Amino acid sequence: MTPDQFREYGHAVVDWVADYWAGLAAGPDGARPPVQPPVSPGWVAGALPPTVPERGEPFEAVLADLDRIVVPATTHWQHPSYFGYFPANTSGPSVLGDLVCAGLGTQGMLWSTGPACTELETVTLDWLVDLLGLPARFRSDGPGGGVIQDSASSAALVATLVALHRASDGRWRESGVQDRFTVYASTQGHSSIEKAARIAGLGDRAVRLVDVDERLAMRPDALAAQIAGDRAGGATPALVVATVGTTSTTAVDPLAAIGALCREQQIWLHVDAAYAGAAATCPELRWTHAGVELADSYCFDPHKWLLTGFDCDAFWVADRSELVQALTVLPEYLRNAATATGAVIDYRDWQVPLGRRFRALKLWFVLRWYGVEGLRAHVRTGVALADRFAGWVRADDRFELVAPHPFSLICFRLRAPDGVNEALLHRLNATGSLFLTHTKVRDRFVLRLAIGAPATAAGHVAAAWRQIQQAATELLAG
Ligand SMILES: Cc1ncc(COP(=O)(O)O)c(C=O)c1O
């Protein structure tokens, strides 16, 4: 592809994306594609040729297949009536930042292989420390520092590895897992914590799922009892993962009490705020992070609720030297003058892979385009719409709210057997005009309505509630 061809087709692709977004956002509901595509497994594979084309094809043919094959089989996460799981935001500046990243094609494993890639990442993560009101020691001009991981799952894995390094006094690096180390999270903690324990060689049995209180937050007394019991049984507690905004219901673990216990017991505390960390951009929501100054590491996903496209997890440590000691390897072929000075960050030592792309560009574009005001406005819109929706649920006595809603997720159900609630969810999603997902809370089937797609406005949430009420009326009438 020549530069001129790239220019021509690049413009066509940007137009295509702009038209796609306009099609999701505008017009009456009926004109939009269904949020979930009505395709069966294998439909996409069946529409594709079995082998690579022998001769290169015109770009127009590729673009045409986006409309013919890809879009009809796409779940539209940017649809304004997408209320499933948690949002996976993207935005204009984020896409454009990714385009520049792809165009530069930088591989920033070392400072020397990408000085801008490294330093822009360090600075944007320092900016985020201030934007979220996180402890100053997470900043790179203190003992800590931030790095972009691909996901909160990778952040949990890296936290597990450095926690093992600390708990073994560094022996883990040479000898592997020699002691019976244990890891703690609440029963509501994310599954990535168990996956990280498995990958780290600890196994599922090393993970203790600690009991929660009536708000579904970890009970510090139960954590203390579990730790004491494990120590008495000869185990070495290595890591506690506390969550701000659990996946199921957005419960908030009490960081101050958990952090004090971790300090006393010398256990690494990782705070997983994958979705809810974005809320800390708003001072009025920072109460959810009280005690975060006791964390050894912290992560959140700008790719969930902060207008930055997947993948972008922001991960900080309070002491970068422990992290680097845990993960550093320096084969001859990576030695270079800048690394030898010890004065630069080589992000290869802060993550599992060696190579890395210039993800900071999209984050930087987003932070500069929206500014603090724009980012806060996005979060506040989600929280206000969720509050309004919760009010409607409360006012209809056929329904109940099943968990507190500090952010933009509402967990609710019909006061009816699980089967009726399940049928309600299927009936709603089958319409294609909106999409919700479910969870189980105290063994009961619960619907989740997660607000946060950038295109979602008051009218979409009101329309969703009208549809939910109507479907409930039909179902309850039998
Ligand atoms: C609390 C929490 N932690 C971790 C994750 C995993 O996120 P990722 O997809 O970035 O690995 C999620 C995903 O929803 C989550 O809600």
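Which residue in E3 does Val 183 stand opposite? I found Val 207 there, facing Val 183. A reminder to myself: this is a predicted model.

Entry on the pairing. I followed strand E2 (residues 181-186) and saw that E2 and E3 pair in the parallel sense, over four bridges.

Entry on the whole sheet. I traced seven strands in an open sheet, ordered E1-E7-E6-E5-E4-E2-E3, and noted that the pairing is mixed. At the edges I have strand E1 (145-149) and strand E3 (207-210), each pairing on one side only. Neighbouring strands of this sheet are turned by 20 degrees against each other on average, direction ignored. I then looked at H10, which packs on the sheet and touches E4 and strand E5 (268-272). The direction of H10 makes about 165 degrees with that of E4.

Thr 250 has a positive phi, near 65 degrees. I placed Thr 250 in the loop between strand E4 (236-243) and helix H10 (255-265). Is Thr 250 buried or exposed? It is buried, because 28 other C-beta atoms lie within 10 Å and 20 or more is the cut-off.

I found Arg 442 in the loop between strand E10 (437-441) and strand E11 (444-450). Arg 442 is exposed, with 10 other C-beta atoms within 10 Å.

Last, I checked the peptide bond joining Phe 310 and Asp 311: it is cis, with omega about 10 degrees. Asp 311 lies in the loop between helix H11 (302-305) and strand E7 (313-317).

Terms used:
Residues numbered from 1 in each chain as written. Predicted model: local features only at pLDDT ≥ 70, side-chain atom pairs only at ≥ 80, totals over all residues. Helix = DSSP H or I, 4+ residues; strand = E, 2+ residues; numbered from the N terminus. Buried ≥ 20, exposed ≤ 12 C-beta atoms within 10 Å, placed from the backbone. Pairing = 2+ DSSP bridges. Axes fitted to C-alpha atoms, helices over the stretch in contact; angles between N-to-C directions. Contact = placed C-beta atoms within 7 Å.
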